[in-house]
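Biologist: Let's go through a model together, feature by feature. Give me the general rule each time, then show me the case here.

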Amino acid sequence: MSSTADLLGDAFGRIGEGVVDLVEGMTPADLVRRVAPGANTVSWLVWHLLRVQDDHVADVAGTEQVWFSGGWHDRFDLPFEPGATGYGQTPDEVSAVRATSELLAGYARDVSAATQAFVSGLTDDDLDRVVDEGWDPPVTLAVRLVSVIDDDLKHLGQAEYAKGLS
């Protein structure tokens with residue numbers, strides 16, 4: 001890697017590619033299968049990790065989430081508040097995320113493209129910018145982006161594991 005932008009682009013690119021590879025060929029039944037009562041489904045895990053990335057990156061980039069600008073909110077047609085990202089949802093709410101592999105892959109591609117557009121222009125100096133004063137210490141751009149990568153990779157791994165059990 002030759003720059004901060006390259007490193008972040010590679011990490012986020014792996015998430016986007018991983019999601020598309022994961023859901024490719026999965027049936028609607030595969031996507032909503034639970035490996036145990038109350039467990040998160042692949043469909044929900046993928047939707048959630050993409051929503052978190054979309055929400056958090058759009059916030060620090062000062063752009064609109066592709067959830068809205070790309071019409072994904074309407075296409076998913078979920079019974080949640082428009083800005084929901086999945087935090088704190090119940091097993092019944094998890095069950096409501098019934099998306100096709102094509103829908104999930106399409107949203108993944110758009111989220112990944114928006115994220116790549118943002119991180120491609122970042123420099124080391126940008127990473128020290130405080131993006132959230134609500135924490136002690138305040139959250140910098142570097143911490144926020146690493147947190148998103150960390151959360152996304154955990155959920156992607158959970159989804160891969162759940163797929164492997166089916």
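**Reading contacts, charges and backbone**

Biologist: Leaving aside neighbours within four places in sequence, which residues is Leu-127 in contact with?

Modeller: Contact means heavy atoms within 4.5 Å. With those sequence neighbours set aside, Leu-127 is in contact with Thr-4, Leu-8, Thr-140, Leu-141 and Ala-142. Before going on, some ground rules: this is a predicted model, where local features need pLDDT of at least 70 and side-chain atom pairs count only at pLDDT 80 or more, while totals for chains, interfaces and linings use all residues. Residues are numbered from 1 along each chain as its sequence is written, and side-chain values use heavy atoms, with hydrogens and water left out.

Biologist: Where does Leu-127 sit, and is Leu-127 buried or exposed?

Modeller: Elements come from DSSP runs numbered from the N terminus: helices are H or I with at least four residues, strands are E with at least two. Leu-127 falls in the loop between α7 (101-119) and β1 (130-132). For burial, the cut-offs are under 20% relative accessible area for buried, over 50% for exposed, and partly exposed in between, with a 1.4 Å probe and protein chains only. Leu-127 has 16% relative accessibility, so it counts as buried.

Biologist: Arg-144 is a handy next stop. What does Arg-144 form with Asp-132?

Modeller: The general idea: side chains of opposite charge can pair when their charged atoms come close. The rule for a salt bridge is a side-chain nitrogen of Lys or Arg within 4 Å of a carboxyl oxygen of Asp or Glu. Arg-144 and Asp-132 form one, with their closest N and O atoms 3.0 Å apart. This pair links distant parts of the chain, since Arg-144 is in helix α8 and Asp-132 in strand β1, 12 residues apart. Arg-144 is buried because its relative accessible area is 12%, whereas Asp-132, at 22%, is partly exposed.

Biologist: How many salt bridges does that rule give?

Modeller: The count comes to 5 salt bridges. Another one of them joins Arg-33 and Asp-30, where the closest N and O atoms are 3.2 Å apart. Both partners are partly exposed: Arg-33 at 35% relative accessibility, Asp-30 at 22%. Then there is Lys-154 with Asp-150, at 3.2 Å from N to O. Those two both lie in helix α8, 4 residues apart, which is about one turn of the helix. Asp-150 is partly exposed, given a relative accessible area of 39%.

Biologist: His-48 makes me think of Gly-86. Which residues is Gly-86 in contact with, leaving aside neighbours within four places?

Modeller: They are Trp-44, Trp-47 and His-48. Gly-86 is in the loop between α5 (72-76) and α6 (91-95), and it counts as buried because its relative accessible area is 4%.

Biologist: How many cavities of 30 Å³ or more are there?

Modeller: On a 1 Å grid over the protein atoms alone, a cavity is a set of points where a 1.4 Å probe fits but cannot get out, and lining residues have an atom within 4 Å of a point. Points are joined across faces, edges and corners, and volume is the space filled by probe spheres set on them. The count is 1 cavity, and the largest cavity holds about 30 Å³ of space. Its lining is Trp-47, Trp-67, His-73, Leu-78, Phe-80, Glu-81, Pro-82 and Ala-84.

Biologist: And the backbone: what is the phi of Asp-77, and what kind of peptide bond joins Asp-136 and Pro-137?

Modeller: Most residues other than glycine have a negative phi, and most peptide bonds are trans. Asp-77 has a positive phi of about 50° though it is not a glycine. Asp-77 is in the loop between α5 and α6 and is exposed, with a relative accessible area of 63%. Asp-136 and Pro-137 are joined by a cis peptide bond, omega about 5°, and Pro-137 is in the loop between β1 and β2 (139-140).

Methods. On a 1 Å grid over the protein atoms alone, a cavity is a set of points where a 1.4 Å probe fits but cannot get out, and a pocket is an open set with protein on both sides within 12 Å along at least five of seven lines; lining residues have an atom within 4 Å of a point.
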